[in-house]
Amino acid sequence: MQIVKYPPKETWAAMLKRPSIDTVFLERTVANILKDVRENGDAALRHCARHFDKVELDEFLVREDEYLEAESLVSEELKDAIAVAKGNIEKFHAVDSSERNVIETTTGVFCWKKIVAIEKVGLYVPAGSAPLFSTVLMLVIPAKLALCKEIVVTSPPNTEGKIDPATLYAAKLCGATKVFKIGGAQAIGAMAYGTETVPRVDKIFGPGNQFVTEAKTQIIRTGAIDMPAGPSEVAVLADETCVPAFVAADLLSQAEHGPDSQVILVTTSENVVADTLAEIERQVEVLPRKETAQQALENSKIILVESIETGVELLNAYAPEHLIIATEKADAVAESIVNAGSVFIGNYSCESAGDYASGTNHTLPTGGAARAYSGVSVSSFCKTITFQRLTAEGIKNLGPTIEIMAAAEGLDAHKNAISIRREWLGGADDV
């Protein structure tokens, strides 16, 4: 990891830049995949499966016997763990969205909003080198709580044309309506445009690599997405009260996701820098994904700052996906955070808890998108429709205001829509 000591503020933007691949290559490649899927449907998906997943697939929809097979391959211990996580996630995300508050903004003018579920949603579950079945819980559970009618899941198949058993088990348990063996940018294209077998959805959710994120970005012209959710990242803010072994473990927990992940340690202590580096060197040696973690560490930094206040300012500028606060008075420090996907407070609040089972969601904005985006929740799967009802009294009371505003904008037909009603009621005035 690169160590940066007391960087001046004008260098922060360049210093905090995320790793990325050649964007021209990325954009062109993804555009070609999406064009092929849009024009050729299932044939394009078969081509992508051969090229990217190294498997021949006649059908993409998961059959009932495959769910049963997956269930038999998942240990009882893992089933119990998934059940605990499912319960906590449901507790956190369960909200009553049916309440309707009618507001009388002016006498006789009533306004309210109605929250309704998005009917068809598409959920992308990454696999690659590490099948992320936990993403199924994070996406299907809030979609189910929101009462979405169709919940489509796509996930990359292995070379045998199968989806990871735990992923498939979790999808069935949580209530996915259809699961397809499709990965990468082509999965995003299939859900965005629809094919002979994959239904077109109204909104697409889920994290993924830079190709998946780029595909989600490109289909915004024709559909909706949850957020930019690309390579994973974590930042830790620490002082002398932290436990360096914990800090190192948290940094490595994200570094093992992929070589394009980034981890950041911001600290006020030289001792924390030295002790954490020593722990990283010790812990990384025993990781099965050691090589991946070491590649991610090359993109990563330890930043020494003068004060916790400076660290908070720097991290708000960075807007991390995950932020761990391992400092004295961590609760008070957390109150100063305005840009982060999810915050973990205190030495015992490891990011892994949020990834799996604490109850919050791990599908979070990355790449600085936390400045404007939130993590996935039940509301992500809903939309709000506004309503208004004006009585005769409402037209009389609010009509003159609307007429004046419409006339000022030069929109006479707008003004007339009010005036004709006021004349009907016998109360029009010259405006």
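Predicted model: local features only at pLDDT ≥ 70, side-chain atom pairs only at ≥ 80, totals over all residues.
Four aromatic pairs are present in the structure. One of them joins Phe 25 to Phe 211 in an edge-to-face arrangement, with 6.3 Å centre to centre and 90° between the planes. Phe 25 belongs to helix 2 (residues 23-40) and Phe 211 to helix 9 (residues 210-218), so that this contact ties together parts lying 186 residues apart in sequence. Phe 25, at 43% relative accessibility, is likewise classed as partly exposed.

A stacked aromatic pair is formed by Trp 112 and Phe 387, for which the values are 5.7 Å centre to centre and 5° between the planes. This pair links distant parts of the chain, as Trp 112 is located in strand 3 (residues 109-117) and Phe 387 in strand 14 (residues 382-390), 275 residues apart. The two partners fall into separate accessibility classes: Trp 112 is buried, at 15% relative accessibility, whereas Phe 387 is partly exposed, with a relative accessible area of 30%.

Contacts between charged groups and aromatic rings were also identified. The ring of Tyr 318 carries the charged end of Arg 18 over it, at 3.8 Å from the ring centre. For Tyr 67, the charged end of Lys 172 sits over the ring, 4.8 Å from its centre.

Methods
Residues numbered from 1 in each chain as written. Heavy atoms only, no water. Phe/Tyr/Trp six-rings, centres within 6.5 Å; stacked < 30°, edge-to-face > 60°. Helix = DSSP H or I, 4+ residues; strand = E, 2+ residues; numbered from the N terminus. Buried < 20%, exposed > 50% of the residue type's maximum accessible area, 1.4 Å probe, protein only. Lys NZ or Arg CZ within 6 Å of the ring centre and 35° of its normal.
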